[in-house]
Amino acid sequence: MSDPAKVRRHAERVRELVASVVRSQIKDPRLGMITITDARITADLRDATVFYTVLGDAAAQSGTAAALESAKGMLRSTVGKALGLRHSPTLTFVLDDVQDQVKHIDDLLAQARSADAEVQRLAARAEYAGEPQPYRLDEDADDEAHDEDEDETQPRGGDRR
């Protein structure tokens, strides 16, 4: 197992190399406006996953994916030579759907804001459902007990002497 810092350095180097080669050496017309966002490499340095985004619609994304697949051999040999490893890592390209996730999160945040605004609007007009003080306080209980004691000490039915 390799050192995690070494693995991170190699992953960063793979990202830089792939971005450089895509920008300068691949002349495929199917390649769209591509950005290499991240690269991850396994601990044994045998497999690398390269994440990319494409500006455009689904046709541009599929064309770019096909161009990357056809240039995979050249990219792998370039990365292998530059890293100086015994085995060149296999490259896997994954479309990074960051924009879709960001749009989804923005939509969820907008829904939450509107729901919060509705709750605030309803809370501004709200009134308590019951009495202002629905719970019996100790003072009230003492007053009622005192009233009952007074009732029992007074004679009933008139004055008997």
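This is a predicted model: local features need pLDDT of at least 70, side-chain atom pairs count only at pLDDT 80 or more; totals for chains, interfaces and linings use all residues.
Residues are numbered from 1 along each chain as its sequence is written. Local features need pLDDT of at least 70, side-chain atom pairs count only at pLDDT 80 or more, totals for chains, interfaces and linings use all residues, and side-chain values use heavy atoms, with hydrogens and water left out.

Visitor: Which residues touch the most other members of the largest nonpolar core?
Guide: A nonpolar core is a set of buried Ala, Val, Leu, Ile, Met, Phe, Trp, Tyr and Cys residues joined through side-chain atoms within 4.5 Å. Buried means under 20% relative accessible area, exposed over 50%, and partly exposed in between, with a 1.4 Å probe and protein chains only. The largest such core has 26 residues, and those touching the most other members are Val14, Val18 and Leu75.

Visitor: Which element gives the most to this core?
Guide: Helices (H or I, at least four residues) and strands (E, at least two) are DSSP runs, numbered from the N terminus. At least two core residues come from each of α1 (4-24), β1 (33-41), β2 (47-55), α2 (58-70), α3 (72-83) and β3 (90-95). With seven residues, the element that gives the most is α1.

Visitor: Within what arc do the buried residues of α1 fall, seen down its axis?
Guide: The buried residues of α1 are Val7, His10, Ala11, Val14, Leu17, Val18, Val21 and Val22. The arc is taken from the directions from the helix axis to the C-beta atoms. These residues line one face of the helix, because they fall within an arc of 130°.

Visitor: Which exposed residues does the face of α1 turned away from its buried side carry?
Guide: The buried residues of α1 pack against β1, β2, α2, α3 and β3, with contact meaning heavy atoms within 4.5 Å. The face turned away from them carries Arg8, Arg9 and Arg23.

Visitor: Is His10 buried or exposed?
Guide: His10 lies in helix α1. Leaving aside neighbours within four places in sequence, His10 is in contact with Leu45, Leu83 and Leu85. Its relative accessibility is 14%, so His10 counts as buried.

Visitor: Which strands stand at the edges of the sheet?
Guide: Two strands pair if DSSP finds at least two bridges between them. The open sheet has three strands in the order β1-β2-β3, with mixed pairing. Two of them have a single partner strand each, so one side of each is left without a neighbour in the sheet; these are β1 and β3.

Visitor: How many bridges join β1 to β2?
Guide: β1 and β2 form a hairpin with five residues between them, and Leu45 in the turn has a positive phi of about 60°. Ile36 has Tyr52 in β2 as its bridge partner. The two strands run antiparallel, and the number of bridges is eight.

Visitor: Which residue in β3 stands opposite Ala48?
Guide: β2 and β3 run parallel, joined by six bridges. Phe51 stands opposite Val94 in β3. The residue opposite Ala48 is Leu91.

Visitor: Which exposed residues lie on the face of α3 turned away from its buried side?
Guide: In α3, the buried residues are Leu75, Val79, Gly80 and Leu83. Their cover includes α1, α2 and β3. The face turned away carries Gly73 and Lys81.
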